[in-house]
Amino acid sequence: MSREAAREARGRRNTRSARGLKQLPWRNHRNNYDPVRVLSDDQIEAIHRTSLRILSELGIEFLEENALRILKENGAEIVPGTQRVRFDPALIMEKIKTVPKTFTLHARNPAHNLTFGANHINFGSVASAPNVSDLDKGRRPGNFEDYCNLVRLAQSLNSVQFLGGYPVEPADLPPSTRHLDALYMAATLTDKVWHPYSLGNERIEDAIELMAMARGISKEQLTKEPSVFSIINSNSPLRLDTPMLQGLQAMAKAGQPIVLTPFTLSGAMAPATIAGALAQANAEALAGLAFTQMVNPGVPCVYGGFTSNVDMKTGAPAFGTPEYTRAAMAGGQLARKYGFPYRSSNACASNAVDAQAAYESEMSLWGAVMGHANLILHGAGWMEGGLVASFEKMIIDAEMIQSMSEFLLPLDVSEDALGFEAMKEVGPGGHFFGAAHTLARYETAFYSPLVSDWRNFETWRLAGAQDAAQRANTLWKQALAEYEQPAIDPAIDDAMKDFIARRKAEGGVKQI
């Protein structure tokens with residue numbers, strides 16, 4: 001590493017906002033470490049072969065008539081009298097060749113554009129939680145006020161690079177028009193990338209209209225410059241349902257990226273072995289990704305990994321387990337085998353912002369980072385296996401992501417960093433506190449935490465003896481108090497409001 005590059009890295013590491021949270025600056029991350037391989041090449045090949053056998057002998061149900069028509073036209077076999085589809089292995093391998101290895105998502109603020117694939121890594125917010133919690137008001141159903149505040153918090157945290165979806169479901173809004181209000185707030189309270197839900201085609205079509213308006217571009221240009229992504233979850237085992245397939249087709253036709261993610265809980269929706277769950281998940285992902293390329297060859301896609309296990313005593317989902325972490329790394333190996341960008345998650349099953357929440361999330365983050373995930377969903381704020389979005393957990397996760405961000409920086413081994421002249425100045429038996437080398441970098445030498453308290457016990461006790469969750473409670477309130485809404489052209493804002501008013505007058509989406 002050159003002296004100039006090392007100096008630039010130190011500057012990136014230690015820049016702090018002039019006001020507000022003392023956090024790291026916005027970064028576009030690269031993961032230059034070698035990925036962890038938990039499976040040998042032969043074992044990956046065995047999973048691959050089993051997945052193709054699943055697709056050719058068992059097949060997958062596609063519960064949507066237009067999807068079945070497209071599949072048949074492209075050479076897939078529709079089992080007579082059913083919606084089950086079988087695939088020749090050669091058809092799968094041929095279709096997935098057109099999935100791009102990398103792509104860029106364009107945010108309303110170009111400084112927040114994100115690249116997926118290769119060694120790029122991007123962290124998002126919690127998404128889709130039905131409930132929300134904080135230390136002051138406790139656990140409660142999702143609502144629009146908390147939704148907006150979580151969006152504001154995501155905008156305020158530099159470590160949160162995109163909105164994973166609705167951080168919490170605004171369940172107090174009418175279901176048929178809820179997406180219009182939620183997406184308008186995502187488009188105006190943030191200038192980062194956001195994510196609509198593929199619950200039928202209408203929500204996707206509305207989201208594409210709103211994003212094109214927010215960016216001030218045509219839908220034709222949006223097709224060339226993708227700006228939104230959507231998660232397509234297979235309905236494991238071995239099924240893709242109607243709303244997901246309709247959303248997938250709408251996204252693919254518009255040239256917007258699809259993150260095809262089987263949700264395979266080993267022992268419940270997949271075999272009670274991680275190898276079996278991976279083989280099933282891989283089959284579901286390959287079928288869905290091949291289908292996207294039948295709809296629109298070359299549309300960007302991401303291979304989603306979300307394999308974990310259940311508690312065999314209660315049936316409850318478990319996350320951040322050794323099985324989850326190994327599956328995340330193995331999923332990365334499978335994605336790289338096919339040349340796909342890869343998605344993983346920061347997940348935990350804890351019911352409180354406590355040590356369990358931290359160590360399970362840390363296990364999940366290590367699985368994602370060392371599995372070379374490019375898109376880390378639920379990066380900040382996920383609790384209770386996805387049932388709760390927590391304000392305090394969002395701050396604590398931001399701390400963990402910042403630590404990972406520091407970990408990803410290249411180590412400076414320039415002549416200056418090696419410190420020979422400092423050792424010469426201090427000599428045997430001295431100390432480095434007053435050395436010129438130390439004084440030149442005492443403010444910027446090391447990572448400065450967002451949440452962690454490194455004071456000694458007496459100083460910490462006299463300051464109120466707050467634990468990490470209590471400190472996080474103070475920090476999220478500070479972030480919201482200091483939040484500044486990103487500027488938007490008033491004409492663009494008016495156009496979005498007019499569009500939303502018209503769609504509401506039309507009744508919003510049809511219920512599926």
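Visitor: How are residues numbered, and which residues and atoms count?
Guide: Residues are numbered from 1 along each chain as its sequence is written, and side-chain values use heavy atoms, with hydrogens and water left out. This is a predicted model, in which local features need pLDDT of at least 70 and side-chain atom pairs count only at pLDDT 80 or more, while totals for chains, interfaces and linings use all residues.

Visitor: What span does helix α7 reach from its first C-alpha to its last?
Guide: Helices (H or I, at least four residues) and strands (E, at least two) are DSSP runs, numbered from the N terminus. The expected span of a helix is 1.5 Å times one less than its number of residues. Helix α7 covers residues 201-215, which makes 15 residues, and the expected value is 21 Å. The span in the model is close to that, at 21 Å.

Visitor: How many residues of α7 are buried?
Guide: Buried means under 20% relative accessible area, exposed means over 50%, and partly exposed is in between (1.4 Å probe, protein chains only). Among the buried residues of α7 are Glu 202, Ile 204, Leu 210 and Met 211. Helix α7 is largely enclosed by the rest of the structure, because the buried residues number 11 of the 15.

Visitor: Which elements are included in what covers the buried residues of α7?
Guide: Contact means heavy atoms within 4.5 Å. The cover includes one strand entry, β10 (230-234). The helices in the cover include α6, α8 (219-224), α9 (242-253) and α19 (490-505).

Visitor: Which backbone oxygen lies 2.8 Å from a polar atom of the side chain of Asn 158?
Guide: Asn 158 sits in the loop between α5 (144-156) and α6 (178-189). Leaving aside neighbours within four places in sequence, Asn 158 is in contact with Gln 23, Leu 24, Pro 25, Trp 26 and Lys 192. The backbone oxygen at 2.8 Å belongs to Leu 24.

Visitor: Which strands stand at the edges of the open sheet of 4 strands?
Guide: Two strands pair if DSSP finds at least two bridges between them. The sheet has mixed pairing and the order β3-β4-β2-β11. Each edge strand has a single partner, so one side of each is left without a neighbour in the sheet; these strands are β3 (77-78) and β11 (239-240).

Visitor: In what sense do β8 and β20 pair?
Guide: Strand β8 (residues 131-134) has Asn 131 and Ser 133 pointing one way and Val 132 and Asp 134 the other way. Ser 133 stands opposite Arg 139 in β9, and β8 and β9 pair in the antiparallel sense over 4 bridges. Ser 133 also stands opposite Ser 390 in β20. Strands β8 and β20 have 3 bridges, and their sense is parallel.

Visitor: Why is the pair of Tyr 147 and Tyr 166 given its class?
Guide: Rings of Phe, Tyr and Trp (its six-membered ring) pair if their centres lie within 6.5 Å; planes under 30 degrees apart count as stacked, over 60 as edge-to-face and the rest as tilted. The structure holds 20 aromatic pairs. The centres of Tyr 147 and Tyr 166 are 5.8 Å apart and the planes stand at 85°, so the pair is edge-to-face.

Visitor: How many residues apart in sequence are the parts that this pair ties together?
Guide: Tyr 147 is buried at 1% relative accessibility, and Tyr 166 is buried with a relative accessible area of 4%. Tyr 147 lies in helix α5 and Tyr 166 in the loop between α5 and α6, so the parts tied together are apart in sequence by 19 residues.

Visitor: Where does the peptide bond that is cis lie, with omega near 5°?
Guide: Pro 237 is in the loop between β10 and β11. The cis bond runs from Ser 236 to Pro 237.

Note on methods. Polar contact = N/O pair within 3.5 Å; in protein donor to acceptor, adjacent residues only side chain to side chain.
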